[in-house]
Amino acid sequence: MTVAVVGGGISGLVVAWRLRSRGRDAVLLETTPRLGGAVGTRAQQGFLLETGPNSFLDREPAMRELASALNLEHRIRAADGAAKRRYVYTRGKLRSVPASPPAFLKSDILPFGAKLRVMGELFSGRAAPGVDESLADFGRRHLGPTATRVLLDAVQTGIFAGDVEKLSVGATFPQLVKLEREHRSLLLGAIQAQKAQAKALPAGSGAPKLSGALSTFEGGLGTLIDALGTALGDAARTGATVEGLTRGDDGWRLAVSERGQRSELKASSVVLAAPAYVTRGLLEPLDAELAARVGGIDYAPIAVVHLGFDAGTTPAPDGFGFLVPPVEKRRLLGAIHASTVFPFRVEAGRVLYTCMVGGATRPDLVSLDEAGLVALAREELKALAGITATPTLTEVFRWKRGIPQYNVGHLERMGGVDRALARLPGLHLAGNAYKGVGLNDCIRNGLLLADALVDAGA
């Protein structure tokens, strides 16, 4: 019998592809007309526009493994060197984020007293065992209140667009918790980690040569989605909505509505890779407790606003872009200098800004109409970065439930989810709502799940 994968975002695509590449029959069911979910690339008027995520860090072996298997490894494009320079808007201006401790001491990113407090992190203590701390509480304890409001909140904004007072540090940045547990001080732990990393891969070890650079694919991230869709062929069915799920003695049955026709699909195992709020509806008839846990995962709304400028109308911006911590009370979460980071994404001399609006702290802004969002982005770019030119291209992609929020209690929630799933053999969850929101996370977890299913004969 087949494995049914419900949801055609990156997680579902990877699970279905891996199952079939290892000889298991699998079918993917996606309710919308296209595959990829939030991941996609559109070509418009000489610009390559990403609908959601813009890039990935080339530090995940699973991503390289997938790219190699799909014959895409040669199409990976590293960001321009200028992308190493990043900015934060704080105290009324864009300020460069220092790349080293000596640069931090010389920089104006924080007031002098706040920098001294950060250096005092060497004397930080550990949290009480078993406490699921908020990211803000963790940051204030280690870095002080100012660095938490300015730097740590800006970092999480670029990943989760969340509320730093609500996000769980253990769920969002587990590496920080690990450093604290093992070394007490984050600074001491980072120094030790660098030394260990330098010794980890001796010359000629044969380990994957991962650059660690910010990267994408030639043609944008949609290249990866297209390759997975092509590899799956007819096994990926768009316009197919799963309306019900039942378990019997001989496996699972899915009620499917496809192009006006209703049918039943039998499967030995089911992977629910749809967003958590969709998955909840399929789980409720099976296990109300599990459905409530999954459905209780919050999402932050995000609007992606692209502004494209003709050559010569505005200077090419420096660096990767900038983030705006919520304490600044601005209407923009940040902007990516897309044409600087990946010059191939624009025709010669053009400039492309990708602006992010909304998030957990300003969800109301995502409800603005397209003209309102474009006007907001232009006004904020003028105020924050001095951009006064008129864009020749404007494009808005709106995600009313965009980024899952790993708030305090998320780890306990996931423990309950895992225990509940054990009561439903053959049912599995995948996606960015659970154990990692990034592209690399989804690919790694998707491959691991598919391999576990094959190895278990599920």
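## Helices, sheets and cores in a predicted model

Helix 11 (residues 276-283) and helix 12 (residues 288-295) pack with their axes 8 Å apart, at an angle of about 170°. Because angles over 145 degrees count as roughly antiparallel (under 35 roughly parallel, 65 to 115 roughly perpendicular, the rest oblique), helix 11 is roughly antiparallel to helix 12. On helix 11 the contact (heavy atoms within 4.5 Å) is made by Ala-276, Thr-279, Arg-280 and Leu-283, and on helix 12 by Leu-290, Ala-291, Ala-292, Val-294 and Gly-295. Axes are lines fitted to C-alpha atoms, for helices over the stretch in contact, and angles run from 0 to 180 degrees between N-to-C directions.

This is a predicted model, in which local features need pLDDT of at least 70 and side-chain atom pairs count only at pLDDT 80 or more, while totals for chains, interfaces and linings use all residues. Residues are numbered from 1 along each chain as its sequence is written, and side-chain values use heavy atoms, with hydrogens and water left out. Helices (H or I, at least four residues) and strands (E, at least two) are DSSP runs, numbered from the N terminus.

**The sheets**

Strands of a sheet pair through backbone hydrogen bonds, either parallel or antiparallel. Two strands pair here if DSSP finds at least two bridges between them.

Strand 7 (residues 86-90) runs antiparallel to strand 8 and is joined to strand 8 by four bridges. Val-88 has Arg-95 in strand 8 as its bridge partner.

Another open sheet has three strands in the order 5-9-6, with antiparallel pairing. Strand 5 and strand 6 are at the edges with a single partner strand each, so one side of each has no neighbour in the sheet. Three bridges pair strand 6 with strand 9 in the antiparallel sense, and Ile-76 stands opposite Phe-217 in strand 9.

Strand 1 and strand 2 run parallel and are joined by four bridges. The table lists three of these strand pairs.

| Strands | Direction | Bridges |
|---|---|---|
| Strand 7 and strand 8 | antiparallel | four |
| Strand 6 and strand 9 | antiparallel | three |
| Strand 1 and strand 2 | parallel | four |

Ala-4 has Val-27 in strand 2 as its bridge partner. Five of the five residues of strand 2 are buried (under 20% relative accessible area; exposed is over 50%, partly exposed in between, with a 1.4 Å probe and protein chains only), so strand 2 is largely enclosed by the rest of the structure. Ala-26, Leu-28 and Glu-30 point one way from strand 2, and Val-27 and Leu-29 point the other way.

**The nonpolar cores**

In soluble globular proteins, nonpolar side chains tend to be buried together. A nonpolar core is a set of buried Ala, Val, Leu, Ile, Met, Phe, Trp, Tyr and Cys residues joined through side-chain atoms within 4.5 Å.

The largest nonpolar core has 40 residues, and those with the most contacts inside it are Val-5, Ile-10, Leu-19, Phe-217, Leu-224, Leu-228 and Ile-443. Elements that each supply at least two residues include strand 1 (2-6), helix 1 (10-21), strand 2 (26-30) and helix 16 (439-455). Helix 16 gives the most, with eight residues. Neighbours within four places in sequence aside, Leu-228 is in contact with Ile-10, Leu-13, Val-14, Trp-17, Leu-66 and Leu-70. A second, separate core has 31 residues, among them Val-6, Leu-254, Ala-420 and Leu-421.

In helix 2, Ala-62, Met-63, Arg-64, Leu-66 and Ala-67 are buried. The buried residues of helix 2 pack against elements including helix 1, helix 10 and helix 16. At the start of helix 2, a side-chain oxygen of Glu-60 comes to within 3.0 Å of the backbone nitrogen of Ala-62. Asn-71, which follows helix 2, has a positive phi near 60°.

Arg-184 is not a glycine, yet has a positive phi of about 70°. Arg-184 is in the loop between helix 8 (174-183) and helix 9 (186-200) and counts as partly exposed at 26% relative accessibility. Lys-329, also not a glycine, has a positive phi of about 60°. Lys-329 is in the loop between strand 15 and strand 16 and is exposed, with a relative accessible area of 71%.

Definitions and conventions
A polar contact is a pair of N or O atoms within 3.5 Å; within protein, one must be able to donate a hydrogen and the other to accept it, and residues adjacent in sequence count only if both atoms are side-chain atoms.
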